[in-house]
Amino acid sequence: MWNKSINLLNEMITKGDKIALIGHFNPDGDSVGSTTGFYNFLQQFSKDSTIIYPSGVPQFLKFLLPEQNVLEYPQDNEKIVNCINDSDLIVCLDFNAFSRTENLKHLLAESKAKKVLIDHHINPDINSFNLVFSDTEVSSTCELLYKILTSMPQIGGDADKLSFATGQSLYVGMMTDTNNYSNSVFPFTLEMASQLLSKGVDKDAIQNKVFGAYSVDRMRLMGYLLYENMVYLPEYNAAFMTLSLEDQKRFNYQKGDNEGFVNLALSIKGVTISAFFTESEEFIRVSLRSKGDISVNIFSGAFFNGGGHKNAAGGKLFIPFNEVPDYFKNAIKEFKKDN
Ligand code: 5GP
Ligand code: MN
């Protein structure tokens, strides 16, 4: 099965003339790592491709982007429409359904290109794709992609044959999706890390770029959220924070500044569910994290119009922002009755 899929992917790449690599809305380290990792792999074998992001890439991940062939919605909308319409191969990475690309979902659904999915979320929408690589027993899409790329005939299982750029991208996605090795770490995750370090990926430089290059505003925002904003609900082993548009202005909020904040409350003894709500003009972004056996993807599906993984999920709310605290308290009360 695996060999057959690898051969098929290789054939699609060989035949592909115009290849588009698609990331998800609000691209995170795994999204940027997997798209740029695949891009770099194709470049190594003299295949051009174009990376498309349905929303902007946060500053701290920009070091992974190639100098050209990257399109971001909305500013590159016209080029994105042309690129998707002209593509004969579309590879979707780190999301399980076109809806996770928001404004690009119709373009993808209507495209006549061959479509490949490479992803680690449950319930992949397999009917939308010609070829699916889906595995939830990995840390990240980057880990799955590492397995795929090293299995390709050009690499033949020898990780040393991957380019430095590919290795660096895949390392970043794995490192960020495990929240720096604190969750979803499988035995092979560490093997992959070990192989990438052996081939020269600079973990300290990456660590510094990803987790050691925050703005002062972001640090002050974190301090404010922890000190004044966080609501602790010991009766539900839960805590949540809310980031309003007003507070975003106050702390000169830049895209991606809230990355990781949802994890903070999980460091409190006894807290097993953490939620983070970010106001935007269109809707409220919901981020959920849990410890142990609590499935926040089910919580998200039931109350927050979303989904994700067992211990890391997200969604959206369409209510006035000041109603979020009451909405969350009610939701967790209901959820805890059955879980
Ligand atoms: P984050 O909190 O980092 O934005 O998202 C955590 C995980 O939740 C993501 O990796 C993704 O699997 C999932 N997720 C986030 N937002 C949504 C959403 O709106 N819909 C669905 N189905 N999953 C989401
Ligand atoms: Mn991921």
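Serine 31 sits in helix α2; helices are DSSP runs (H or I, at least four residues), numbered from the N terminus.

Trainee: What should I know before I start?

Mentor: This is a predicted model, where local features need pLDDT of at least 70 and side-chain atom pairs count only at pLDDT 80 or more, while totals for chains, interfaces and linings use all residues. Residues are numbered from 1 along each chain as its sequence is written, and side-chain values use heavy atoms, leaving out hydrogens and water.

Trainee: Is serine 31 buried or exposed?

Mentor: Buried means under 20% relative accessible area, exposed over 50%, partly exposed in between (1.4 Å probe, protein chains only). Serine 31 has 0% relative accessibility, so it counts as buried.

Trainee: Which residues does serine 31 touch?

Mentor: Contact means heavy atoms within 4.5 Å. Leaving aside residues up to four places away in sequence, serine 31 touches Gly23, His24, Tyr53 and Asp94. Its side chain also reaches the backbone nitrogen of histidine 24 at 3.3 Å.

Trainee: How do α2 and α6 cross?

Mentor: Axes are lines fitted to C-alpha atoms, for helices over the stretch in contact, and angles run from 0 to 180 degrees between N-to-C directions. The axes of α2 (residues 29–44) and α6 (residues 164–177) come within 8 Å and cross at roughly 165°. That makes α2 roughly antiparallel to α6, a word used for angles over 145 degrees. Among the residues making this contact are Gly33 and Phe41 of α2, and Ser169 and Gly173 of α6.

Note on methods. Chains lettered and ligands numbered in written order. Helix = DSSP H or I, 4+ residues; strand = E, 2+ residues; numbered from the N terminus. Parallel < 35°, antiparallel > 145°, perpendicular 65-115°, else oblique. Polar contact = N/O pair within 3.5 Å; in protein donor to acceptor, adjacent residues only side chain to side chain.
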